[in-house]
Amino acid sequence: MKIYKFGGASVRSAEGVENLARIVAAEPARLLVIVSAMGKTTNALEEVLDRFMRNRSDEAIERFAEIERYHRQIVRSLFADPSSVEARTEKLASEVRELLRSETCREDYDRWYDRIVSYGELLSTVIVSEYLAAQGTPNRWLDMRGLFVTDSRYREATINVDRSARALRRAVDAAPERVLVGQGFIGATPAGRPTTLGREGSDYSAAMAGYLLDAGSVTIWKDVDGILSADPRLFADTMLIPELSYLDAIELAYAGAQVIHPKTIKPLQNKNIPLYVRPFGDPTKPGSVICASPPVPPGVPVRILKGRQVLISIRPKDFSFVLEERLADIFSVFGQYRQKINLIQSSAVNLSLCVDDSRYLERVVDALQTEFRVVYNRDMELLTIRGYDQITYDRYAEAEGVFLVQKTRRTARIVRSASH
Ligand SMILES: Nc1ncnc2c1ncn2[C@@H]1O[C@H](COP(=O)(O)OP(=O)(O)O)[C@@H](O)[C@H]1O
Ligand SMILES: N[C@@H](CC(=O)OP(=O)(O)O)C(=O)O
């Protein structure tokens with residue numbers, strides 16, 4: 001059994017879905033295909049949700065109609081006779097419209113988020129599954145809301161390994177088809193309430209499916225040649241890294257390399273399952289493999305730039321040295337508001353934290369301000385250089401606009417102004 005994952009960029013157009021179908025048809029092994037929402041549908045659904053939560057149902061429905069049009073246009077280019085697939089997508093769309101019209105309490109943002117935003121993946125997988133069938137690849141559409149059993153931490157749910165393993169194995173064994181198609185990013189609580197696994201969580205879905213099914217490998221198909229030494233959208237001079245250890249991959253992903261979701265690697269490492277990152281546009285190219293074996297680091301410095309950062313500086317109001325005694329309190333405030341911390345640096349009377357700019361930041365600062373003096377700089381970015389050499393280090397650490405530098409033997413991390 002192999003797992004293939006296709007992200008939003010890979011299925012953003014009819015050509016993308018055709019390409020997916022060719023790749024799937026060329027693979028002889030039993031295959032679970034995990035698919036994300038098409039293109040930027042998740043962002044668009046977040047916009048719908050935003051209107052809905054502000055009691056603007058009509059605007060929410062209008063926005064959703066744009067999402068429907070986008071999918072319809074892909075369907076019409078893919079199918080000579082779209083009646084069967086349109087019946088299924090229309091059923092999903094009418095469920096969303098019904099939710100958007102409902103007069104029930106709109107208070108629990110995270111729960112509503114999961115209810116509504118999960119439809120992006122439901123729509124994409126229905127289209128992919130129907131198209132594969134139309135192209136002569138019989139397949140089974142799986143509703144991952146019944147197969148990834150999660151806790152009820154909406155928007156950031158955790159998969160229950162034992163229950164999901166049983167459910168997924170049963171579904172896979174019951175299906176005679178070689179190919180199965182399921183959604184990335186979504187699951188449900190034991191009571192059947194939809195959950196999502198965190199933005200960009202489809203890579204994680206694929207990894208967990210690989211883990212739960214003891215897959216031979218997991219392949220994520222991307223719009224790049226594989227794992228590169230930096231994001232080609234941000235840096236001009238990038239190189240392919242053909243092999244990477246699990247550890248290096250975790251560090252890269254955690255530092256913010258968008259190419260893999262940080263939660264993806266651990267499950268695969270635990271069962272020694274190789275992860276291939278391959279170019280969707282050219283399946284003849286080998287891409288990169290992440291596995292246990294490569295003992296040597298990539299050989300080139302890998303740069304990861306994480307934008308939308310805030311540098312926070314926290315001091316006790318009474319100027320005592322006892323910050324360390326208060327660390328647990330400080331971090332629990334961040335935990336409470338799900339505020340991710342990307343870098344920590346402390347001195348006698350000061351704690352500096354680099355965190356994602358989020359909608360909860362002001363609340364975190366308010367909560368801390370009763371006991372600490374808190375100052376912060378927005379519009380920062382965090383540059384991580386894994387496997388730095390002196391030239392690369394000097395180029396970035398000695399540049400203008402740098403606020404903080406942190407160095408270990410293999411990794412340099414630089415917090416700098418985004419408008420440096
Ligand atoms: N080190 C890196 N190597 C390759 N791509 C990277 C790297 N860092 C960031 N990226 C970016 O990740 C993108 C692919 O991830 P993403 O857009 O999330 O794909 P998908 O929607 O298929 O999951 C690439 O287009 C590239 O711009
Ligand atoms: N659709 C979800 C999940 C995901 O992983 O998408 P992608 O594979 O396109 O990054 C999101 O955009 O967050």
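Biologist: How many bridges pair strand β14 with strand β16?
Modeller: This model is predicted: local features need pLDDT of at least 70, side-chain atom pairs 80 or more, and totals for chains, interfaces and linings use all residues. Residues count from 1 along each chain, chains are lettered from A and ligands numbered from 1 as written, and side-chain values use heavy atoms without hydrogens or water. Strands (DSSP runs of E, at least two residues; helices are H or I, at least four) are numbered from the N terminus, and two strands pair at two bridges or more by DSSP. β14 (residues 372–386) and β16 (residues 411–417) run antiparallel, and their bridges number seven.

Biologist: Which residue of β16 is the bridge partner of T384?
Modeller: β14 covers residues 372–386 and pairs with β16. The bridge partner of T384 in β16 is R413.

Biologist: Which strands stand at the edges of the open sheet of six strands?
Modeller: The order is β12-β13-β11-β14-β16-β15, with antiparallel pairing. Each edge strand has a single partner, so one of its sides is left without a neighbour in the sheet. The edge strands are β12 (341–346) and β15 (402–407).

Biologist: What is the average twist from one strand to the next there?
Modeller: Axes are lines fitted to C-alpha atoms (for helices, over the stretch in contact), with angles from 0 to 180 degrees between N-to-C directions. From one strand to the next, the twist averages 25°.

Biologist: What angle does helix α12 make with β14?
Modeller: Helix α12 (residues 361–369) packs on this sheet. It touches (heavy atoms within 4.5 Å) β11 (302–316), β13 (351–356) and β14. Its direction and that of β14 make an angle of about 130°.

Biologist: At what angle to β15 does helix α13 run?
Modeller: Helix α13 spans residues 390–397. It lies across β11, β14, β15 and β16. Its angle to β15 is about 155°.

Biologist: Which strands are at the edges of the eight-stranded sheet?
Modeller: That open sheet has the order β3-β4-β2-β1-β7-β9-β10-β8, and its pairing is mixed. An edge strand here pairs on one side only. The two are β3 (139–141) and β8 (243–245).

Biologist: By how much are its neighbouring strands turned against each other on average?
Modeller: Direction is ignored in this value. The average turn is 20°.

Biologist: Which residue of β2 is the bridge partner of Y4?
Modeller: β1 (residues 2–6) and β2 (residues 31–35) run parallel, joined by five bridges. In β2, Y4 has as its bridge partner V33.

Biologist: At what angle to β8 does helix α9 run?
Modeller: Helix α9 (residues 246–255) lies across β8 and β10 (288–291). Its angle to β8 is about 85°.
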